[in-house]
Amino acid sequence: MLESLKNAARRAGNDRALRSLMLDCRRLLSERGEANSVAIARGLVARFSNLPDDQQAGFFERLSRDFSPDPKAVLAVAQAYADEPSADNLIRLTHLAEPPRQELLRRINRTPGGTAHIVAMRRKLLARVKAQPELRALEADFLHLLSSWFNPGFLQMQKVDWGSPAQLLEQIIHHEAVHEIDGWDDLRRRLQPDRRCFAFFHPQLPDEPLIFVEVALLPEMPGAIAPLIDKNSQPLPPDQFKVAAFYSISNCQPGLKGVSLGNFLIKRVAEQLKRELPQLKTFCTLSPIPGFATWLVRRDDLAALPGLKRGEAERLAQARELLDEASGGDLAALATAATLDGLAEAEREALARLCAAYLVHVSTTPGGDAVARFHLDNGARLERLNPSGNLSRKGLKQSFGMMVNYLYDLQKVETSHEKFTQGDVAHSRAVAALL
């Protein structure tokens, strides 16, 4: 009985805190004085942070429901604009159609630390949107504003090296999302002269990297990841630097998901490296293919692949039959190094053919491989497939060991990007030969 009373009192206290928070939101929107606005916004974000999860959910629901445009007012002004498409009517329509919560977020953003709070809010919101689709419009408002505030023109690119602050180096270790960094010795090797690391920072988050990319300087295009991340390998001399290979890119801020950062970072790094090291002739990636194994095991109708040429469907069907025989009818068995080692040459070629088809024909669809879509939409060319390029547990599980090189030809990235937006993947003759 006593415990029930305590829980009831706790819920009542939380409800009061949420009501008080929503009142502060309205006060902040109506406040004209900057000093008072800052004080209200500071209190608002502090109280939000102290709310339990269910009350934070209630906050998002209230923002979505109570801080949306007035439908009747929007309809009336829209009709006025349709009747008379004047500048004044367009301005009124634009003003009324914007959700008031956008201005609320702008006012929070003006406070010291406000940007970081909004990024943190969006991270919590993203965790709820899938289960609560009614929050999608609210999420779109966050994304719209953050995309403007984190425009690449505002971002600062910094080289990360062994002399960088320890706090930054710790964050690089923590946020590495592609190839785990095995302690300080591993990180030191990744920052030696034949390796580079660059990160984007925002002026409002000076100590927080937003995204970083790791680069290997090599004599030729790499085909396997293990030599690049071998912490015991010896650095190469500068006279062997002919290729810059981007082998890992990691986002550090989940609250900025969907905000374009990585594409600008890769191009800016390539341009800086080209100025610093004119002998570099090739800019490429060594990339995972995280969606390939799932796609192959799912056994989609190969004949239904978009853009498939005559004869390709038959060759792909034959390739899958070969792999079925090699794996005993269980394609998931290809996720072991022993099974891959036992494949005959024809079976290895079959695996590469299916992977090429996946990247060329599925990447342009919404369900295409996320890494492929990122690089191809960024203007890279699908250059070369690398069987057994990643024999780590993760690499075997995600892509049966396959890796891929995307080529960044800085003179052709715009053309390749345009092709991709029109449903066509730019690819090399070597990839075309696999199909």
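Is Trp162 buried, partly exposed or exposed? Select Trp162 first: its relative accessibility is 32%, so the residue counts as partly exposed. The model on display is predicted, and the values in this tour are to be read accordingly.

**Stop 1: the Trp162 and Trp184 pair**

Now colour the surrounding elements. Trp162 is located in the loop between β1 (156-159) and α9 (166-175), and Trp184 belongs to helix α10 (residues 183-190), so the pair ties together parts that are 22 residues apart in sequence.

**Stop 2: the Phe292 and Tyr358 pair**

Proceed to Phe292 and Tyr358. Their ring centres are 5.8 Å apart and the planes stand at 45 degrees, so this pair is tilted. Phe292 is part of helix α12 (residues 292-298) and Tyr358 is part of helix α15, so the pair ties together parts that are 66 residues apart in sequence. Both residues are buried. In total, the model contains nine aromatic pairs.

**Stop 3**

In soluble globular proteins, nonpolar side chains tend to be buried together.

Next, centre the view on Leu359. Which residues does Leu359 contact, leaving aside its neighbours within four places in sequence? They are Ile289, Ala372, Leu376, Leu382, Leu385, Val404, Tyr406 and Val425.

**Stop 4: helices α16 and α18**

Select helix α16 (residues 370-377) together with helix α18 (residues 413-421): their axes come within 8 Å and cross at roughly 130 degrees. This angle makes α16 oblique to α18. On the α16 side, the contact is made by Arg373, Leu376 and Asp377, and on the α18 side by Ser416, His417, Phe420 and Thr421. Colouring these residues by type shows two nonpolar, three polar and two charged.

Technical notes: Residues numbered from 1 in each chain as written. Predicted model: local features only at pLDDT ≥ 70, side-chain atom pairs only at ≥ 80, totals over all residues. Heavy atoms only, no water. Axes fitted to C-alpha atoms, helices over the stretch in contact; angles between N-to-C directions. Helix = DSSP H or I, 4+ residues; strand = E, 2+ residues; numbered from the N terminus. Parallel < 35°, antiparallel > 145°, perpendicular 65-115°, else oblique. Contact = heavy atoms within 4.5 Å. Nonpolar A, V, L, I, M, F, W, Y, C, P; charged D, E, K, R; others polar. Phe/Tyr/Trp six-rings, centres within 6.5 Å; stacked < 30°, edge-to-face > 60°. Buried < 20%, exposed > 50% of the residue type's maximum accessible area, 1.4 Å probe, protein only.
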